[in-house]
Amino acid sequence: MLVPLTDASARTCGGKAGALGDLLRAGLAVPDGWAVPLDVYRSAVRDASSASETRRNGPAAIADRPVPADVRAALADAVATLGGAPVVVRSSASDEDAHDGAAAGLYTSTLAVRGVDAVVASVRACWVSLHADPAVAYRAARRRDADPAMGVVVQRHVDADVSGVMFTPARPDGPTRIDASWGLGPSVVEGAVNPDAYTVGADGSVDAVTAEKRTRLDRRGDRLVTRDVPAPGRHRRVLDDTDARRLADLGRVVGAALGGAQDVEWAIADGQVWILQARPVTADLPPATPPSPTVRPAAGATVLTGAPGSRGTATGPARVVRDPGDFVHVRRGDVLVCPWTDPGWTPLLRVVGGVVTETGGVLSHAAIVARELGIPAVLGVPDATLLLGDASLVTVDGSAGTVTRAVG
């Protein structure tokens, strides 16, 4: 029913579990755990479909049926070996973390899970998320596997002091890009904060851009809590040059173990660096330093700046979206302007011409999906939802990191 992560492969346990297995076998620091194989999901779907008295298909019916008793028993034994410590339950779909598409953030992952009942519920949530609307929309846009399966990773939770995302270089002489912030990783990967951004050259040089990190995410018991960062820490660098070089060196080892440039989620707890997951980089980043605009804006135009998240330009009416209730107002070709993007908003990326967010970094899930879909994006633009009026004509330059609101 369960496979130790040290034995996991992408073929049997999905992309995320397979990559973690490769890293463990290479001797890297990955939190210990297990994988629920793809075939366990397939069997559960078949059982749910055959037993369902409704006309719903198996993936829908599985949300209302108990997880099979043998799977629950195996999970109970695994959780017991950790002595009650909290775990993370992560998706590991057959079409996830692949070279031709990351499906970044589209499937369910749950942190700070404690107790067998919560673990079982989180496993089922991963299974169900395979057929949620955002995932279906992403597969349609990318023309991906229409009948994927869901593996699940269950591994020890790491209470991170600092965490983030790192893109390792495709070439030996290339730079490593790192986004980092205080606390647990979802703040960075979900774009809820403006992270510090580091570029580490092959020669060990470090270029750092320090952001204002207003909030952090931490575990309290079996809950995740968001709290304010004390004023002295908001503008203080999360990583010093030595930390940044240490991460870059580790990233190169990850790239060598998995082959090619990697998108790595990492955490530092009590001085120990942990690799939480790794996937291939699926689309090139914009330049680390945005180029100077070649065209001066018209007199009276408003120009806002942020982080260049996805290459290209787009012009269209700004559409301010603050929550799912605003989705109905979005039209094809609009420029999505929002506080941050949630994975549940992925269907919008199939219709909008560009994306502007108030928080988030270039390595966040939203930026990854925008690059895969070829949509220009500028991230971390302060007060964009207030300064870009709804329906005003704007131009997004995702290479330069600028958003220009036309006169009038």
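**Ground rules.** This is a predicted model, where local features need pLDDT of at least 70 and side-chain atom pairs count only at pLDDT 80 or more, while totals for chains, interfaces and linings use all residues. Residues are numbered from 1 along each chain as its sequence is written, and side-chain values use heavy atoms, with hydrogens and water left out.

**Burial.** I then checked how much is covered: 53% of the 408 residues count as buried (under 20% relative accessible area; exposed is over 50%, partly exposed in between, with a 1.4 Å probe and protein chains only).

**Fold.** I found 12 helices and 21 strands in the chain (DSSP runs numbered from the N terminus: helices are H or I with at least four residues, strands are E with at least two). I also noted that the C-alpha trace spans about 70 × 55 × 40 Å along its principal axes.

**Contacts.** Of the contacts between residues at least 6 apart in sequence, 64% join residues at least 24 apart (contact means heavy atoms within 4.5 Å).

**Ser181.** I looked up Ser181 and found it in strand E7 (residues 176–182). Ser181 is buried, at 1% relative accessible area. Leaving out residues up to four places away in sequence, Ser181 touches Val162, Ser163, Val188, Val193, Lys213 and Val238.

**Salt bridges.** I counted 18 of them (a side-chain nitrogen of Lys or Arg within 4 Å of a carboxyl oxygen of Asp or Glu).

- Glu96 pairs with Lys16, with the closest N and O atoms 2.8 Å apart. Glu96 is in the loop between strand E3 (87–93) and strand E4 (110–113) and Lys16 is in helix H2 (residues 15–25), so this pair ties together parts 80 residues apart in sequence. Both Glu96 and Lys16 are buried.
- Asp159 pairs with Arg219, the closest N and O atoms being 2.8 Å apart. Asp159 sits in the loop between strand E5 (150–156) and strand E6 (162–167) and Arg219 in strand E10 (residues 215–220), so parts 60 residues apart in sequence are tied together. Asp159 is partly exposed at 37% relative accessibility, while Arg219 is buried at 18%.
- Asp241 pairs with Arg237, the closest N and O atoms being 2.7 Å apart.

**Network.** My last entry: salt bridges that share partners join Lys16, Glu96, Asp97, Asp263 and Arg279 into one network.
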